[in-house]
Amino acid sequence: MMAVYIDQEICKGCEICVHYCPKNVLEMAADVNKRGFNYSSVVRPEDCIQCKLCEKMCPDLAIYVEKE
Amino acid sequence: MIKQNPQRKHIRDDKLPHFFCPGCGCGQVLNYFLRAVDEENINLDEMVTIGGVGCTARIPVYLKTDTLHGVHGRTLAWATGIKLHKPEIPIVIFAGDGDLASIGGNHFIHAARRNLDVTVILVNNLNFAMTGGQVAPSTPSELKTMTAPYGNKEPDFDICKLAIAAGATYVSRWTTDRPNQVIKGIKDAMKHKGFSLIEIISQCPTHFGRYALDSGNPQVLLDWIKDLTLTKTQADKLTAQEQKGKFIIGEFIKEDKPVYTGSSVYKEACQ
């Protein structure tokens, strides 16, 4: 089982991770963080193929994909 | 417990979230640089990073390296001074297109001519972003910016060609939507002995996107950059007219030349 961690407090909601994920693992959450940004969240962790594109492309260093 | 990205160990404490706008390419370049450093096991304590003025120049502020941040366009003048005194220190310069191609243009061509042993990471976001989106030497023709509301009538600058003509020994260009190529490019540029320039075409959703493409969405900009990108192999098959307005990516030059070490008089006086 894959684990994708998103630090919601430093996410700025640019949606680059959602746009580039080839398996649609991520989606934007309905909630906002304490800075008022709509953050991204993991909705389908079982689909993740560990390409790490979200972790590499995140401008805010908010995502970490842990390999099993 | 949320596990954090391991690259964050290179960021100064309590500096995140950084100052870049949501979806800014500068944040991505920071991420790519840290990944390249991590994969090559480079010790950041022994490195000097230099930034001038601009959005890109804020990148060194977040790194756990010795950092200089100050005068606009004079990054290479400082790098020359450090390199002549302590040639063993690796120097990485983060500069925007305004910093390097506009106000610091002369320092840039002369550092390239001398073949100073530094790595220059040029983040080209196609306008002067920090001051509000004015037209820059790198803005493509006919695109609107804040100071060119009827479209930019000037031809744009090919900074890679300028560097090659001036005598740089490693020159490559990539775009922010190709992470693996950028990471490899940064690694190659840091390993290369001599003046190495890596230009990264980047997105500025806040200013460039808003005026030129009527969208503040970073994905729209990244897709726009992706559509205009040609690899060097693809571009070689096209005529000069067909290549116009495209971003040609690839490694353009990699050669060995003697590195500038300055006059020996000063060094002998120091000893």
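Reader: How do strands S2 and S3 of chain A pair?
Author: Strand S2 (residues 26-32) and strand S3 (residues 38-42) of chain A pair in the antiparallel sense over four bridges. This is a predicted model, where local features need pLDDT of at least 70, side-chain atom pairs count only at pLDDT 80 or more, and totals for chains, interfaces and linings use all residues. Residues are numbered from 1 along each chain as its sequence is written, chains are lettered from A and ligands numbered from 1 in the order in which they are written, and side-chain values use heavy atoms, with hydrogens and water left out.

Reader: What counts as a strand, and as pairing?
Author: Strands (E, at least two residues) and helices (H or I, at least four) are DSSP runs, numbered from the N terminus. Two strands pair if DSSP finds at least two bridges between them.

Reader: What stands opposite Leu26(A)?
Author: Val42(A), in S3(A).

Reader: And how many residues sit between S2(A) and S3(A)?
Author: Five, and the two strands form a hairpin. Gly36(A), in the turn, has a positive phi of about 90 degrees.

Reader: Which residue other than glycine has a positive phi?
Author: Glu15(A) has one, near 70 degrees. Glu15(A) lies in the loop between strand S1 (3-6) and helix H1 (16-20) of chain A.

Reader: Chain B now. Where is a cis peptide bond?
Author: Between Leu16(B) and Pro17(B), with omega about 0 degrees. Pro17(B) is in the segment before helix H1 (25-40) of chain B. Most peptide bonds are trans.

Reader: How many residues are in contact across the two chains?
Author: 23 residues of chain A are in contact with 35 of chain B. Contact means heavy atoms within 4.5 Å.

Reader: How much area do they bury?
Author: About 2400 Å², 59% of it on carbon and sulfur atoms. Buried area is the accessible area (1.4 Å probe) that two parts lose on being put together, summed over both. Lys12(A), Lys56(A) and Leu61(A) supply 30% of chain A's share against chain B, more than any other three residues.

Reader: How many salt bridges cross the interface?
Author: Three. A salt bridge puts a side-chain nitrogen of Lys or Arg within 4 Å of a carboxyl oxygen of Asp or Glu. Asp7(A) forms one with Arg8(B), and their closest N and O atoms are 2.9 Å apart.

Reader: What is the volume of the largest pocket?
Author: About 550 Å³. On a 1 Å grid over the protein atoms alone, a pocket is an open set of points where a 1.4 Å probe fits, with protein on both sides within 12 Å along at least five of seven lines; lining residues have an atom within 4 Å of a point. Grid points are joined across faces, edges and corners, and a volume is the space filled by probe spheres set on the points.

Reader: Which residues lie nearest its centre?
Author: Of the 21 lining residues of the largest pocket, Asp156(B), Asp158(B), Gln243(B), Gly245(B) and Lys246(B).
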